[in-house]
Amino acid sequence: MNHHRRRGLLGVAAAALAFSLALLGGSAGAVAGSGPSRAAQPKPKPTVVLVHGAFADSSGWNLVTPALQAAGYPVLAFSNPLRGVAYDSQYLRDFLTTITGPIVLVGHSYGGAVITNAASGNTQVKSLVYIAAYALDEGESVAAANALGGGHTEVTDHLVIRPFPGAAEGDADAYIDPAHFPRLFAQDVPKVLAKTMAGSQRPGSYASLVSPSGEPAWKTIPSWYLVAKQDRIIPPEAERVMAERANATTVEVNTSHVPMLSKPSSVIKLITQATR
């Protein structure tokens with residue numbers, strides 16, 4: 001990474017941190033330092049659980065996590081198995097049982113399908129936040145949701161398929177072709193970063209793309225949604241349909257599929273709103 005690009009990425013991270021602190025009217029010192037007496041202490045903040053999607057990993061939250069932590073939020077970036085909606089949702093459901101207190105679940109892309117299922121019936125989950133994500137309805141799959149609103153995605157035309165041990169008949173791992181990844185997944189982040197993401201992507205199984213979703217948690221849990229207006233993975237038209245039927249508090253941001261990297265301040269602001 002050349003000097004100017006490195007400085008640019010560091011500048012984005014610093015801006016995200018400063019923005020988050022400004023939202024809460026504090027500073028890094030105020031968060032870590034001695035506060036008011038015990039009697040005046042505010043109630044503990046909810047734990048923010050960040051769930052990545054397919055073709056990605058938890059490092060996608062690296063600009064959002066430190067800003068939320070500096071603002072006093074416990075943050076956990078969950079490692080999504082990417083084996084299928086039922087399995088991944090149960091994995092997250094079990095993970096959530098180890099957390100004490102209120103939880104705000106944040107899902108990006110396919111991670112939205114996972115939080116939609118994992119949060120059902122969990123009274124600790126106070127809010128769902130969808131960041132360019134699948135807020136699926138019952139019986140709906142990721143592949144089917146892409147057609148909502150009449151939009152189109154070409155990502156399925158540029159997949160590299162690889163086998164994995166123990167796969168069910170017809171199942172396999174899908175990667176986005178690295179030659180097309182930067183322009184499809186992350187066209188507004190530095191090219192060197194997009195290429196690194198392409199080379200380190202975690203695959204999603206076919207099962208994760210075509211498995212039907214269960215009863216959606218957004219029917220009973222307040223939701224927030226960030227529509228990525230320049231998304232080339234999930235059509236923005238589909239994102240708007242999913243946000244509306246979930247009755248989500250919605251913002252639209254001029255960004256690619258990865259607003260947590262290209263517009264982290266917008267993501268931090270929406271998550272912070274969902275914690276109140």
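Which helices and strands cover the buried residues of α5? The cover includes β1 (47-51), α4 (85-96), β3 (103-109), β4 (125-133), α6 (142-145) and α9 (206-210).

The structure is a predicted model, in which local features need pLDDT of at least 70 and side-chain atom pairs count only at pLDDT 80 or more, while totals for chains, interfaces and linings use all residues. Residues are numbered from 1 along each chain as its sequence is written, and side-chain values use heavy atoms, with hydrogens and water left out. Helices (H or I, at least four residues) and strands (E, at least two) are DSSP runs, numbered from the N terminus.

**The enclosed helix**

Helix α5 spans residues 110-118, and nine of its nine residues are buried, so the helix is largely enclosed by the rest of the structure. Here buried means under 20% relative accessible area, exposed means over 50%, and partly exposed lies in between (1.4 Å probe, protein chains only). Among the buried residues of α5 are Val114, Ile115 and Ala118. These three residues are also touched by Leu92, where contact means heavy atoms within 4.5 Å.

**The nonpolar core**

A nonpolar core is a set of buried Ala, Val, Leu, Ile, Met, Phe, Trp, Tyr and Cys residues joined through side-chain atoms within 4.5 Å. The largest such core has 77 residues, and Leu92, Leu105 and Leu128 touch the most other members. Strand β4 supplies the largest share of this core, with six residues. In soluble globular proteins, nonpolar side chains tend to be buried together.

**A three-stranded sheet**

Strands β5, β6 and β7 form an open sheet in that order, with antiparallel pairing. Strands β5 and β7 stand at the edges with a single partner strand each, so one side of each is left without a neighbour in the sheet. Two strands are said to pair if DSSP finds at least two bridges between them. Strand β5 (residues 159-162) is joined to β6 by four bridges, and two bridges join β6 to β7 (residues 204-205). Individual bridge partners are listed below.

| Residue | Partner | Strand of the partner |
|---|---|---|
| Val160 | Tyr175 | β6 |
| Asp173 | Ser205 | β7 |

**Two residues in contact with Arg232**

Thr153 is found in the loop between α6 and β5. Its relative accessibility is 10%, so Thr153 counts as buried. The side chain of Thr153 has a polar atom 3.2 Å from the backbone oxygen of Arg232, and this side chain also reaches the backbone nitrogen of Val155 at 3.3 Å.

Arg183 lies in helix α7 (residues 181-185). With 33% relative accessibility, Arg183 counts as partly exposed. Apart from neighbours within four places in sequence, Arg183 is in contact with Glu154, His158 and Arg232. The side chains of Arg183 and His158 are joined by a polar contact of 3.5 Å. A polar contact is a pair of N or O atoms within 3.5 Å; within protein, one must be able to donate a hydrogen and the other to accept it, and residues adjacent in sequence count only if both atoms are side-chain atoms.
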